[in-house]
Amino acid sequence: VKTGDILFEFETSKTVIEVEAQTNGIVSLNISIGQSVPVGWIAAAIDSEAVNFEKKIKTPDKDFDDLEKFSSKAIDLIKKYNLDRKVFLNLDFVTTEDVEEIVSQKISNENELLQEKFNNEDVALFGAGYQCQVVLDMIATEDLNINIVAILDSNPTKNKLDNINILNKFSLDLLYKRGLRKIHICVGDGKMKSEIAKDLKSRGFEIISIIAPSAIISKTAKLEKGVFIGSRVYIGREVNIKE
(Lines give C-alpha, C1' and ligand atoms only; values in the text may rest on other atoms or scores of the structure.)
Protein backbone atom coordinates (compact mmCIF):
# COMPACT_ATOMS: atom_id res chain seq x y z
CA VAL A 1 0.00 0.00 0.00
CA LYS A 2 0.92 3.65 -0.33
CA THR A 3 0.32 6.54 2.01
CA GLY A 4 -3.31 7.64 1.67
CA ASP A 5 -4.66 4.31 0.40
CA ILE A 6 -7.97 3.30 2.00
CA LEU A 7 -7.30 0.15 4.01
CA PHE A 8 -10.80 -0.53 5.35
CA GLU A 9 -13.82 1.15 6.90
CA PHE A 10 -15.61 0.44 10.14
CA GLU A 11 -19.05 1.49 11.19
CA THR A 12 -21.07 2.11 14.34
CA SER A 13 -24.85 2.41 14.41
CA LYS A 14 -24.82 5.62 12.37
CA THR A 15 -21.22 6.42 11.49
CA VAL A 16 -18.87 5.02 8.85
CA ILE A 17 -15.17 5.85 9.21
CA GLU A 18 -12.52 5.17 6.57
CA VAL A 19 -9.01 4.28 7.70
CA GLU A 20 -6.11 5.37 5.48
CA ALA A 21 -2.56 4.06 5.33
CA GLN A 22 -0.23 6.42 7.19
CA THR A 23 2.87 5.20 5.36
CA ASN A 24 4.05 3.01 2.48
CA GLY A 25 4.59 -0.70 3.10
CA ILE A 26 3.07 -4.14 3.38
CA VAL A 27 -0.26 -4.17 5.21
CA SER A 28 -1.18 -7.07 7.49
CA LEU A 29 -4.83 -7.21 8.56
CA ASN A 30 -6.02 -8.45 11.92
CA ILE A 31 -9.71 -8.20 11.02
CA SER A 32 -12.11 -9.76 8.54
CA ILE A 33 -15.17 -8.38 6.73
CA GLY A 34 -18.15 -8.06 9.05
CA GLN A 35 -16.15 -8.75 12.22
CA SER A 36 -17.06 -6.82 15.39
CA VAL A 37 -14.03 -5.68 17.38
CA PRO A 38 -13.63 -3.83 20.71
CA VAL A 39 -11.91 -0.50 21.15
CA GLY A 40 -8.17 -1.07 21.54
CA TRP A 41 -8.00 -3.91 19.02
CA ILE A 42 -5.11 -3.63 16.57
CA ALA A 43 -6.86 -3.80 13.22
CA ALA A 44 -3.82 -3.68 10.95
CA ALA A 45 -0.12 -2.96 10.76
CA ILE A 46 2.07 -1.60 7.97
CA ASP A 47 5.70 -2.69 7.88
CA SER A 48 8.39 -3.82 5.47
CA GLU A 49 7.24 -7.42 6.00
CA ALA A 50 4.20 -9.34 7.26
CA VAL A 51 3.29 -8.95 10.94
CA ASN A 52 2.28 -11.72 13.35
CA PHE A 53 -0.52 -10.43 15.62
CA GLU A 54 -0.52 -13.21 18.20
CA LYS A 55 1.15 -11.04 20.84
CA LYS A 56 -0.14 -7.68 19.65
CA ILE A 57 -3.86 -7.78 20.49
CA LYS A 58 -4.73 -5.33 23.27
CA THR A 59 -7.05 -6.30 26.08
CA PRO A 60 -10.27 -4.23 26.05
CA ASP A 61 -10.63 -1.58 28.74
CA LYS A 62 -12.79 -3.12 31.46
CA ASP A 63 -13.62 0.32 32.90
CA PHE A 64 -15.79 1.05 29.86
CA ASP A 65 -18.94 -1.03 29.45
CA ASP A 66 -19.72 0.61 26.08
CA LEU A 67 -16.33 0.27 24.41
CA GLU A 68 -17.68 0.30 20.87
CA LYS A 69 -18.72 3.92 21.33
CA PHE A 70 -15.22 5.34 22.07
CA SER A 71 -11.96 5.46 20.16
CA SER A 72 -8.95 4.26 22.16
CA LYS A 73 -7.42 7.76 22.18
CA ALA A 74 -10.73 9.23 23.35
CA ILE A 75 -10.72 6.79 26.28
CA ASP A 76 -7.19 7.83 27.21
CA LEU A 77 -8.20 11.52 27.23
CA ILE A 78 -11.38 10.86 29.20
CA LYS A 79 -9.32 9.15 31.89
CA LYS A 80 -6.60 11.80 31.80
CA TYR A 81 -9.04 14.65 32.41
CA ASN A 82 -11.36 12.64 34.68
CA LEU A 83 -14.42 13.39 32.53
CA ASP A 84 -17.91 12.04 33.14
CA ARG A 85 -18.84 9.82 30.17
CA LYS A 86 -22.44 10.96 30.48
CA VAL A 87 -21.55 14.15 28.59
CA PHE A 88 -21.16 12.01 25.45
CA LEU A 89 -24.58 10.31 25.62
CA ASN A 90 -25.84 12.18 22.56
CA LEU A 91 -23.00 10.91 20.34
CA ASP A 92 -23.02 7.62 18.45
CA PHE A 93 -19.22 7.48 18.37
CA VAL A 94 -16.76 9.53 20.45
CA THR A 95 -13.52 10.69 18.85
CA THR A 96 -10.47 12.51 20.19
CA GLU A 97 -11.87 15.77 18.79
CA ASP A 98 -15.11 15.30 20.75
CA VAL A 99 -13.22 14.87 24.01
CA GLU A 100 -10.90 17.81 23.32
CA GLU A 101 -13.93 20.02 22.73
CA ILE A 102 -15.40 19.05 26.12
CA VAL A 103 -12.05 19.66 27.81
CA SER A 104 -11.84 23.09 26.16
CA GLN A 105 -15.33 23.94 27.43
CA LYS A 106 -14.44 22.73 30.91
CA ILE A 107 -11.32 24.88 31.04
CA SER A 108 -13.28 27.86 29.70
CA ASN A 109 -15.84 27.43 32.48
CA GLU A 110 -13.07 27.23 35.07
CA ASN A 111 -11.47 30.40 33.74
CA GLU A 112 -14.70 32.29 34.33
CA LEU A 113 -14.08 31.73 38.06
CA LEU A 114 -10.84 33.72 37.94
CA GLN A 115 -10.73 37.33 39.02
CA GLU A 116 -9.82 39.84 36.34
CA LYS A 117 -6.66 41.17 38.01
CA PHE A 118 -4.20 39.82 40.57
CA ASN A 119 -1.74 41.81 42.68
CA ASN A 120 1.89 41.13 43.58
CA GLU A 121 1.04 39.45 46.89
CA ASP A 122 -1.49 36.94 45.54
CA VAL A 123 -0.34 33.31 45.57
CA ALA A 124 -1.53 30.17 43.79
CA LEU A 125 -0.81 26.63 44.96
CA PHE A 126 0.10 23.91 42.47
CA GLY A 127 -1.13 20.47 43.49
CA ALA A 128 -4.48 19.73 45.14
CA GLY A 129 -3.56 16.62 47.11
CA TYR A 130 -2.62 15.92 50.72
CA GLN A 131 0.41 18.25 50.68
CA CYS A 132 -1.87 21.10 49.64
CA GLN A 133 -4.14 20.39 52.60
CA VAL A 134 -1.13 20.52 54.94
CA VAL A 135 -0.07 23.88 53.51
CA LEU A 136 -3.56 25.36 53.87
CA ASP A 137 -3.88 24.10 57.44
CA MET A 138 -0.52 25.57 58.38
CA ILE A 139 -1.40 28.96 56.85
CA ALA A 140 -4.62 28.98 58.86
CA THR A 141 -3.20 27.81 62.21
CA GLU A 142 -0.15 30.09 62.00
CA ASP A 143 -2.39 32.97 60.90
CA LEU A 144 -0.08 33.78 57.97
CA ASN A 145 -0.92 36.74 55.79
CA ILE A 146 -0.83 34.75 52.54
CA ASN A 147 -3.67 35.25 50.09
CA ILE A 148 -4.24 31.98 48.22
CA VAL A 149 -6.30 32.89 45.14
CA ALA A 150 -6.36 29.55 43.30
CA ILE A 151 -5.22 25.94 43.39
CA LEU A 152 -3.97 24.33 40.19
CA ASP A 153 -3.70 20.64 39.44
CA SER A 154 -2.74 18.45 36.48
CA ASN A 155 -5.85 16.34 36.97
CA PRO A 156 -8.41 18.01 39.26
CA THR A 157 -10.86 15.60 40.89
CA LYS A 158 -12.92 18.25 42.68
CA ASN A 159 -13.86 21.90 42.20
CA LYS A 160 -12.91 23.47 45.53
CA LEU A 161 -10.73 23.02 48.61
CA ASP A 162 -11.37 25.25 51.63
CA ASN A 163 -13.61 27.30 49.34
CA ILE A 164 -10.68 27.98 46.98
CA ASN A 165 -11.28 27.17 43.31
CA ILE A 166 -9.30 24.22 41.95
CA LEU A 167 -8.38 24.79 38.31
CA ASN A 168 -6.77 22.72 35.58
CA LYS A 169 -3.12 23.59 34.97
CA PHE A 170 -4.14 24.83 31.51
CA SER A 171 -5.31 27.99 33.29
CA LEU A 172 -1.69 28.93 34.06
CA ASP A 173 -1.27 31.20 31.04
CA LEU A 174 -4.46 33.11 31.86
CA LEU A 175 -3.36 33.50 35.49
CA TYR A 176 -0.08 35.00 34.32
CA LYS A 177 -1.84 37.26 31.84
CA ARG A 178 -4.01 38.61 34.67
CA GLY A 179 -1.02 39.46 36.83
CA LEU A 180 -0.36 36.40 39.04
CA ARG A 181 3.34 35.75 39.53
CA LYS A 182 3.80 33.71 42.72
CA ILE A 183 3.20 29.95 43.00
CA HIS A 184 4.01 27.47 45.75
CA ILE A 185 4.28 23.84 44.65
CA CYS A 186 2.44 21.36 46.90
CA VAL A 187 3.96 18.13 45.60
CA GLY A 188 5.85 15.63 47.75
CA ASP A 189 7.71 13.81 44.98
CA GLY A 190 11.03 15.64 44.52
CA LYS A 191 11.57 14.73 40.88
CA MET A 192 8.04 15.68 39.90
CA LYS A 193 8.28 18.92 41.88
CA SER A 194 11.49 19.81 40.04
CA GLU A 195 9.85 19.22 36.65
CA ILE A 196 6.83 21.34 37.61
CA ALA A 197 9.11 24.13 38.89
CA LYS A 198 11.05 24.12 35.63
CA ASP A 199 7.84 24.47 33.63
CA LEU A 200 6.48 27.25 35.84
CA LYS A 201 9.72 29.22 35.69
CA SER A 202 9.73 28.97 31.90
CA ARG A 203 6.30 30.63 31.97
CA GLY A 204 7.60 33.50 34.10
CA PHE A 205 6.31 32.45 37.54
CA GLU A 206 8.26 32.83 40.78
CA ILE A 207 8.40 29.71 42.96
CA ILE A 208 7.99 30.82 46.58
CA SER A 209 8.62 29.22 49.96
CA ILE A 210 6.04 28.98 52.72
CA ILE A 211 7.61 28.82 56.19
CA ALA A 212 5.82 28.65 59.53
CA PRO A 213 6.79 31.43 61.98
CA SER A 214 6.93 28.81 64.73
CA ALA A 215 9.63 26.83 62.92
CA ILE A 216 13.14 26.96 64.40
CA ILE A 217 15.76 27.35 61.69
CA SER A 218 19.48 27.45 62.38
CA LYS A 219 21.32 30.49 61.06
CA THR A 220 23.74 28.15 59.31
CA ALA A 221 20.99 26.28 57.47
CA LYS A 222 20.45 27.01 53.79
CA LEU A 223 16.96 26.98 52.33
CA GLU A 224 16.45 27.44 48.62
CA LYS A 225 13.30 28.91 47.11
CA GLY A 226 10.16 26.83 46.93
CA VAL A 227 10.49 24.93 50.22
CA PHE A 228 7.75 24.30 52.77
CA ILE A 229 8.59 24.33 56.48
CA GLY A 230 5.69 23.36 58.73
CA SER A 231 4.74 24.42 62.25
CA ARG A 232 7.30 23.85 65.05
CA VAL A 233 9.75 22.16 62.68
CA TYR A 234 13.43 22.32 63.62
CA ILE A 235 15.99 22.80 60.84
CA GLY A 236 19.45 22.11 62.25
CA ARG A 237 22.92 23.46 61.62
CA GLU A 238 24.44 23.20 58.13
CA VAL A 239 21.24 21.70 56.75
CA ASN A 240 20.75 22.45 53.05
CA ILE A 241 17.20 22.07 51.70
CA LYS A 242 17.11 22.45 47.96
CA GLU A 243 14.23 23.66 45.83
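**Salt bridges and a charged patch**

At 62% relative accessibility, E116 counts as exposed, since the cut-off for exposed is over 50% relative accessible area, with buried under 20% and partly exposed in between (1.4 Å probe, protein chains only). The model is a predicted one, in which local features need pLDDT of at least 70 and side-chain atom pairs count only at pLDDT 80 or more, while totals for chains, interfaces and linings use all residues. Residues are numbered from 1 along each chain as its sequence is written, and side-chain values use heavy atoms, with hydrogens and water left out.

E116 pairs up with R178 in a salt bridge, with 3.9 Å between the closest N and O atoms; the term stands for a side-chain nitrogen of Lys or Arg within 4 Å of a carboxyl oxygen of Asp or Glu. This pair links distant parts of the chain, 62 residues apart: R178 sits in the loop between α4 (172-177) and β9 (182-185), and E116 in the loop between α2 (96-111) and β5 (122-126).

The structure holds four salt bridges. Another one brings together the side chains of K182 and E121, at 3.8 Å from N to O. Here too distant parts of the chain are linked, with K182 in strand β9 and E121 in the loop between α2 and β5, 61 residues apart. E121 counts as exposed, at 55% relative accessibility. D199 and R203 form a salt bridge as well, their closest N and O atoms being 3.2 Å apart. Salt bridges with shared partners join D173, D199 and R203 into one network. D199 is partly exposed at 32%, and so is R203 at 31%.

On the surface, D5, E9, E11, E18 and E20 gather in a patch of negative charge. Strands β1 (6-11) and β2 (16-20) are the elements that give two or more residues to this patch. Patch members have over 30% relative accessible area and no salt bridge, and like charges are joined within 9 Å. E18 lies in strand β2 and is exposed, at 51% relative accessibility.

Overall, the protein has five helices and 16 strands, taken from DSSP runs (H or I, at least four residues, for helices; E, at least two, for strands). Its radius of gyration, 25 Å, is well over the 18 Å that the globule rule gives for 243 residues, so the protein is more spread out than a compact globule. That radius is taken over C-alpha atoms, and the rule is 2.2 Å times the number of residues to the power 0.38.

Note on methods. Patches are made of residues with over 30% relative accessible area and no salt bridge: like charges are joined within 9 Å, nonpolar side chains (Val, Leu, Ile, Met, Phe, Trp, Tyr) within 5 Å. Accessible areas come from the Shrake-Rupley method with a 1.4 Å probe; for residues, only the protein chains shown count as cover. Lys and Arg count as positive and Asp and Glu as negative; His and the chain ends are not counted. The place of a charge is taken as NZ of Lys, CZ of Arg, CG of Asp or CD of Glu.
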